Amino acid sequence: MTAELPRPLHAPRASTAGGPGLFVTFEGGDGAGKTTQASLLERWLTEKGRATVRTREPGGTEVGVRIRDIVLHHRGHIAARAEALLYAADRAHHIETVVQPAIARGDVVIQDRYLDSSVAYQGAGRVLDADDVRALSLWATDGLLPDLTVLLDLDPDAARRRLDADDKPFDRLEAEKSDFHARVRAGFLALADREPERFLVLDATEAPDVLAARVRDAVEQRLA
Ligand code: TYD
């Protein structure tokens, strides 16, 4: 007897199917420079007269801010599956109440982290099944995928040096050991390999203005 395959929880779709806007996400390890690049892109689009929404996960809504506090600052263990569900819950609320309405209005959504972070951190990092983690997020978001995902790739040792120089206390994920961060990096690169048309992979050691120009080119292509 052959075992029945589980039914996929949700089929993905590109965000443009849901409205005239554009959905751009920034991904990468901690300390890779996502926030800087997201800000530069926002400034450029605003100068061009495009309406933008700048947001992030976890914590892009009031509910999300509370979830963010748990996942990043809870003292003590959180079960890996519970952690994955918390990120997915933050995402479900954020996409329905902030991101989808913005895309429907025609805005460009610029977001720090999205479901690829869950696949890399909870999948590769915590060693949950990557396809399960992805399916959970696709269910949570009704299948929404970004039009463009910029992956800022950085060696975890270099990232650690940047974070040390920042002098901020580490959160729960940042405090993980270097083999965790090495798995996360490999997880992101594997995702980019699987979807080369969605991902733009950049070497995060390049100068910020060089990276910003590459991001602008990719966004311009998708707006055309
Ligand atoms: P981030 O907001 O980028 O941290 P910071 O503002 O301190 O730079 O992300 C918070 C942390 O949450 C980061 O270590 C990655 C982690 N994370 C996951 O593990 N899974 C997820 O799905 C997301 C969105 C983030």
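1. How far is an oxygen atom of the ligand from an N or O atom in the side chain of Arg113? The distance is 2.7 Å, within the limit for a polar contact (a pair of N or O atoms within 3.5 Å). This is a predicted model, in which local features need pLDDT of at least 70 and side-chain atom pairs count only at pLDDT 80 or more, while totals for chains, interfaces and linings use all residues. Residues are numbered from 1 along each chain as its sequence is written, and side-chain values use heavy atoms, with hydrogens and water left out.

2. A nitrogen atom of the ligand lies 2.8 Å from a side-chain N or O atom of Gln122, and for Glu174 the distance from a ligand oxygen atom to such an atom is 3.4 Å. The protein covers 89% of the 550 Å² of accessible area (Shrake-Rupley method, 1.4 Å probe) that the ligand has on its own.

3. The ligand is surrounded by 15 residues (a heavy atom within 4 Å), and Asp30, Tyr87, Arg113, Ser118 and Gln122 are the closest. By class, five are nonpolar, three polar and seven charged. Helix H4 (a DSSP run of H or I, at least four residues) gives the most to this shell, with four residues.

4. Three aromatic pairs (ring centres within 6.5 Å) are found in the structure. The ring centres of Tyr121 and Phe180 are 6.1 Å apart and the planes meet at 55 degrees, so this pair is tilted (stacked is under 30 degrees, edge-to-face over 60, and tilted the rest). Because Tyr121 lies in helix H4 and Phe180 in helix H7, the pair ties together parts 59 residues apart in sequence.

Terms used:
A polar contact is a pair of N or O atoms within 3.5 Å; within protein, one must be able to donate a hydrogen and the other to accept it, and residues adjacent in sequence count only if both atoms are side-chain atoms. Helices (H or I, at least four residues) and strands (E, at least two) are DSSP runs, numbered from the N terminus. Ala, Val, Leu, Ile, Met, Phe, Trp, Tyr, Cys and Pro count as nonpolar, Asp, Glu, Lys and Arg as charged, and the others, Gly among them, as polar. Rings of Phe, Tyr and Trp (its six-membered ring) pair if their centres lie within 6.5 Å; planes under 30 degrees apart count as stacked, over 60 as edge-to-face and the rest as tilted.
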